[in-house]
Amino acid sequence: MPRPSPFSGEDDPFGPSPRGDDGAPDEPVRDPVPLLLEGLTKSQIEAVKATEGPVLVLAAAGSGKTRVITRRIAFLLACGVPPWSILALTFTNKAAGEMRERVMRLCHDVLHLPESAVRGLTVTTFHSLCARLLRRYADQAGLKPDFTIYDASDQSSLVKKTIEALQLSTSNWPARSVLGAISAAKNQLLDAADFAARAGDFYSRTIAKIYTAYDKAMRTAGAVDFDDLLVVTAKLLRGNEAVREDCRRRWKYLLIDEYQDTNHAQFVIASMLAGGPAAETPQAAPPAAGASIPGSQPNIFVVGDPKQAIYGWRGADIANILEFEEHYPAARVITLGENFRSTEPILAVADSLIRNNRLRKHKDLYTTRPGGGKVEVTLCRDEHHEARLISDWFKLLHDPRFDPEDPRPGIPWREMAVLYRTNALSRVMEDTLRAAGIPYIIARGTAFYERDEIRNALAYLRVIANPADSISLGRIINVPTRGLGSTTISKLEEAAQARAVPLLEVVRSPQTVTSVNARAIAACTRFTQLLDGWTGNGQFLGSEVSGSLAELVERVIRESGLEAMYRAQAAAGKSEADLERLDNLAELVSSARDFELEYQPQSDPALDAPRSADDEPTVPPLLAMLRAYLESVSLVADADTVDPSQGAVTMLTLHAAKGLEFPAVAIIGLEEGMLPHARALQAEREMEEERRLCFVGITRAMQHLHMTTAKYRTIRGLPERTIPSRFVSEISQQHCTFSDQSAVDAGLEGTGWDGGDIVERHVVEEDESGNALRGGGKFPVGCTVRHPQFGVGRIRQVTTGMNARATIEFKAVGVKTLVLEYARLQRID
């Protein structure tokens with residue numbers, strides 16, 4: 001049974017905990033538990049009520065795992081567990097936001113708790129938690145509290161400069177490849193020195209040199225990258241007992257969603273926070289009085305599905321979930337196999353596919369939605385034919401008038417999606433949807449924040465939040481132009497590098513740099529005065545300092561000259577793109593306002609930093625909010641931008657689709673080398689991940705699923721013959737309708753679904769003697785036949801030889817040309 005927190009607000013290292021006037025949590029309404037469990041299955045109820053000890057929930061796709069997590073949090077609160085002792089972790093801001101919203105709704109509607117009674121509950125992402133912990137424990141982690149989080153573009157810029165500074169060629173050592181090697185090392189918790197010690201060949205030794213210089217440059221800039229957020233936190237928790245116990249004293253109940261996607265660093269973070277057998281480390285000292293006891297059973301509750309482990313390419317380790325019971329021998333395992341999302345044929349196709357994987361935990365999949373149409377699998381001529389076919393399919397689903405016999409209402413555009421393995425497949429599909437007048441959006445989460453005008457505005461904000469951020473400063477020091485040419489900037493950067501100080505320190509004293517002229521010195525002075533005006537000389541105090549985050553962002557955009565610069569460009573160019581830049585800057589102010597309205601300081605561990613003598617926060621509130629906002633911008637993911645309320649078809653990669661669902665889904669590009677990807681063709685482990693990726697795509701579909709493969713696909717401007725994906729042959733044939741629409745000589749051009757020839761090929765009909773009916777001899781011209789889909793018809797023409805065909809006039813659907821080997825015809829006269 002859950003226990004109340006053993007510490008008072010005075011003892012809580014994260015500051016006073018929100019309580020009622022009597023010092024106890026507000027009393028929930030009488031016996032709300034039956035209402036919390038209402039509508040749950042037996043397995044879901046078991047998971048919700050499993051509050052103590054380690055628990056592994058194996059949740060199949062569409063099995064209601066988010067419902068289980070949110071009900072379990074509410075159940076803990078109903079049982080008297082203080083909200084500040086609960087920590088729920090997931091992978092995207094979107095998932096964390098939805099989870100938090102559901103919990104708040106349960107607490108209000110079912111438990112009748114006031115909002116104050118849930119204050120302190122932490123529902124966040126791994127990266128956001130780590131960013132905030134590192135700000136709180138910056139000294140112990142060897143960082144400055146005002147560190148900047150570098151995104152992929154910032155990292156690339158810095159590593160290119162690092163490579164050039166080492167007099168290496170960026171052609172021989174591409175930034176992307178180097179960063180990939182550094183990221184892989186960090187994921188194994190190897191710092192630059194550890195990696196260098198293990199480097200045995202020329203390639204590894206060179207990477208080690210770049211890694212060492214890159215890490216030094218990051219520290220000089222007061223910056224961390226995404227990997228650092230996890231790695232530094234993992235090392236901090238593993239190596240610092242005081243920090244580790246601070247966290248364990250606060251968070252007694254740890255819940256982790258999508259556990260199959262955790263990497264090694266995240267596994268270490270979870271283990272250190274939870275305690276217990278998996279957290280025992282050689283360097284850990286004997287526990288202090290009142291500390292967690294190594295070997296005791298922690299309250300760690302993880303939910304995941306090994307079948308949906310699709311992020312091995314970025315360091316996720318499926319072993320974390322497969323070996324959970326080895327890490328926690330007393331773990332309780334609960335299986336959620338009932339699917340509430342997909343119809344029976346869709347689920348059967350997904351299940352038949354994933355059974356070809358060996359590295360998995362088996363669980364039977366079943367659905368509460370029997371019936372439903374078969375999954376459509378179509379062989380197209382090329383990518384253009386493929387795109388037209390899917391476009392026509394969407395139109396048919398959207399407007400049932402295309403099919404008078406279909407009584408179903410139309411499906412809105414926003415409930416349809418196109419999924420693909422790589423972004424390169426989207427272009428032709430985009431062109432076709434646009435030409436067909438079908439609205440669409442492409443879910444690329446960082447697109448807005450990657451636009452030039454937004455990156456410039458954010459660079460100003462980053463310099464305000466972290467004056468040591470030389471990469472951001474270098475981006476905007478002369479944007480808009482202020483009399484600082486590239487030669488002057490290079491001299492300033494060289495001086496900063498020689499003195500081993502941040503660039504801004506040199507900009508504040510440009511007269512100390514040789515050959516910097518008076519005009520440039522004056523420009524530097526005006527620039528630093530601008531910064532000081534926004535920050536109150538770094539104190540964030542005074543009447544001149546903005547009173548809100550949105551006001552600060554608006555001032556920066558206006559007073560920096562960015563708004564005027566883009567307005568002048570729009571006036572000169574008179575292009576829509578230039579006008580959109582101003583709209584985008586306005587939208588950035590709106591995003592700051594939205595963040596400000598939703599920001600909850602009491603849930604931000606970074607704000608619980610040590611207090612000064614007068615008990616005031618050492619970090620000014622506006623600066624803390626700015627840092628949190630910049631973190632949220634840096635941690636945007638692809639799935640975060642999918643807006644189901646938009647009236648448009650959603651286009652996104654299979655990786656980005658994880659966690660989403662749509663009534664109608666098209667998966668395009670099922671060919672060898674595409675899905676599965678070429679790099680997986682030689683390694684079974686990678687092939688299994690590709691199969692899991694296809695499984696994820698299939699299980700996004702609720703009612704309708706269409707999978708396509710093209711006979712030819714244009715690669716680098718040339719059409720290449722493809723091989724259909726092996727996954728097509730692995731799926732359950734009895735739950736699919738296979739159509740070959742690739743034959744150029746069969747009059748298929750542009751037919752789509754409005755009466756074009758369809759060739760079914762998933763069952764070969766046999767005669768009474770068991771021989772396959774492959775030739776035209778069994779079906780002479782003039783005979784009457786029955787087709788399982790098209791009904792009764794009369795054969796008008798037959799061609800013999802390989803792929804013998806029959807042209808048939810059906811009473812219901814008109815003339816069709818079918819390949820006899822696959823047609824499943826039955827002669828009835």
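Predicted model: local features only at pLDDT ≥ 70, side-chain atom pairs only at ≥ 80, totals over all residues.
Helices (H or I, at least four residues) and strands (E, at least two) are DSSP runs numbered from the N terminus.

Residues are numbered from 1 along each chain as its sequence is written, and side-chain values use heavy atoms, without hydrogens and water. Local features need pLDDT of at least 70 and side-chain atom pairs count only at pLDDT 80 or more, whereas totals for chains, interfaces and linings use all residues.

Helix α7 (residues 152-165) and helix α10 (residues 202-220) pack at about 120°, with their axes 9 Å apart; axes are lines fitted to C-alpha atoms, for helices over the stretch in contact, and angles run from 0 to 180 degrees between N-to-C directions. The two helices, α7 and α10, are therefore oblique to each other, a term for angles left after those under 35 degrees (roughly parallel), over 145 (roughly antiparallel) and 65 to 115 (roughly perpendicular). Their crossing is right-handed, that is, the near helix is turned clockwise from the far one by less than a right angle.

A second pair is formed by helix α3 (residues 65-78) and helix α4 (residues 93-109), which pack at an angle of about 45° with axes 9 Å apart. This angle makes α3 oblique to α4, and the crossing of α3 and α4 is right-handed. On the α3 side the contact is made by Thr66, Arg67, Ile69, Thr70, Arg71, Ile73, Ala74 and Leu77, and on the α4 side by Met99, Arg102, Val103, Leu106 and Cys107. These residues comprise 8 nonpolar, 2 polar and 3 charged.

The model contains 2 cavities of 30 Å³ or more, a cavity being a set of points on a 1 Å grid over the protein atoms alone where a 1.4 Å probe fits but cannot get out. The largest cavity holds about 80 Å³, a volume being the space filled by probe spheres set on the points, which are joined across faces, edges and corners. Its lining (residues with an atom within 4 Å of a point) includes Arg135, Asp146 and Phe147. Two or more lining residues come from each of β4 (148-150), α20 (452-465) and α28 (621-634), and α28 gives the largest share, 4 residues. The lining divides into 4 nonpolar, 3 polar and 5 charged residues.

Note on methods:
Contact = heavy atoms within 4.5 Å. Nonpolar A, V, L, I, M, F, W, Y, C, P; charged D, E, K, R; others polar. 1 Å grid on protein atoms, 1.4 Å probe; cavity = no way out; pocket = protein on both sides within 12 Å on 5 of 7 lines; lining within 4 Å.
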